[in-house]
Amino acid sequence: MMTAAILLGATLAIGAGYYIRKRAEFGGTVRPKVLVISASDTHGGYFDPYVLQRYSPTPVQMISDASGLACYDETLNGLQLCELLVGGDVAFAAPDPGQLPTIKPLQQLLDEHPDCKLVMLGAGMNDVLFGGRSIEQMLADKEAEANMTLLAGRVPVIRGFHNFAETSLMTAEKIAINTAANTALQAKAAATGVPCLDVHSVEFHGISDIAADGLHPTFEYHQRLCAFQASRLAEIAQSI
């Protein structure tokens with residue numbers, strides 16, 4: 001079976017040829033489109049105090065505006081990576097009005113967005129923090145997610161795990177799990193050659209960066225996270 005690193009090299013080569021042709025056709029203005037799949041870390045959902053809210057602009061909109069890349073939003077509050085791989089009901093879903101508490105299988109999302117050559121994959125935190133899955137299980141799912149994306153001829157970009165402050169919802173034990181999972185995810189991505197956005201490295205101000213619900217990032221923290229993600233995505237887009 002081909003490794004993720006080999007698949008990534010082949011995908012980058014194919015993508016580079018495609019965009020060289022397209023840039024020539026349209027005067028060098030064509031840039032890759034980005035499919036963004038994640039949970040509240042990129043959806044921008046939070047509770048204030050018990051009513052679900054969503055930041056405006058959303059994190060996906062902020063990333064699109066800052067990067068200059070067209071980003072397509074397939075995010076859902078509460079999504080787990082293990083649910084994304086197979087599709088169906090989302091156990092911790094907190095959908096927006098009119099949004100279903102379900103997710104389409106990753107393969108279907110890839111099929112429905114054929115023009116998105118970059119795919120930002122952000123699910124996984126809920127799995128290890130609230131879903132009872134081990135870090136090893138999450139990493140195996142991440143590898144399956146990246147390989148599925150590569151086999152579809154796209155470039156996967158893994159979103160790491162951002163920081164949390166200790167609250168009644170995010171205990172010291174959960175924060176330790178989050179840090180360990182992010183470290184393991186960075187190592188896995190580096191070993192396989194898959195681009196990874198280390199959002200854990202973004203400036204973090206502790207509890208002042210956590211919303212009143214004790215769990216989700218504030219708007220200001222999202223702004224810093226999105227500026228970092230936009231910069232890295234723009235760099236990756238230039239390389240294909």
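Biologist: Quick one to start: is Tyr55 buried or exposed?
Modeller: Tyr55 is buried, because its relative accessibility is 11% (buried means under 20% relative accessible area with a 1.4 Å probe, protein chains only). This is a predicted model, where local features need pLDDT of at least 70, side-chain atom pairs need 80 or more, and totals for chains, interfaces and linings use all residues. Residues are numbered from 1 along each chain as its sequence is written, and side-chain values use heavy atoms, leaving out hydrogens and water.

Biologist: OK, and which ring is tilted against Tyr55?
Modeller: That's Phe219: the ring centres are 5.7 Å apart and the planes are at 55 degrees, so the pair is tilted (rings of Phe, Tyr and Trp, its six-membered ring, pair with centres within 6.5 Å; planes under 30 degrees apart are stacked, over 60 edge-to-face, the rest tilted). Tyr55 and Phe219 are 164 residues apart, so to speak in distant parts of the chain.

Biologist: Which residue is stacked with Tyr55?
Modeller: Tyr46, at 4.3 Å centre to centre with 15 degrees between the planes. Tyr46 counts as buried too, at 16% relative accessibility. Together, Tyr46, Tyr55 and Phe219 make up one aromatic cluster.

Biologist: How many aromatic pairs are there by this rule?
Modeller: Three.

Biologist: New topic: how many cavities of 30 Å³ or more turn up?
Modeller: One, from a search of the whole structure (a cavity is a set of points on a 1 Å grid over the protein atoms alone where a 1.4 Å probe fits but cannot get out; lining residues have an atom within 4 Å of a point).

Biologist: Which residues are closest to the centre of the largest cavity?
Modeller: Of its ten lining residues, Lys142, Glu143, Ile158, Lys188 and Thr192.

Terms used: On a 1 Å grid over the protein atoms alone, a cavity is a set of points where a 1.4 Å probe fits but cannot get out, and a pocket is an open set with protein on both sides within 12 Å along at least five of seven lines; lining residues have an atom within 4 Å of a point. Grid points are joined across faces, edges and corners, and a volume is the space filled by probe spheres set on the points. Buried means under 20% relative accessible area, exposed over 50%, partly exposed in between (1.4 Å probe, protein chains only). Helices (H or I, at least four residues) and strands (E, at least two) are DSSP runs, numbered from the N terminus.
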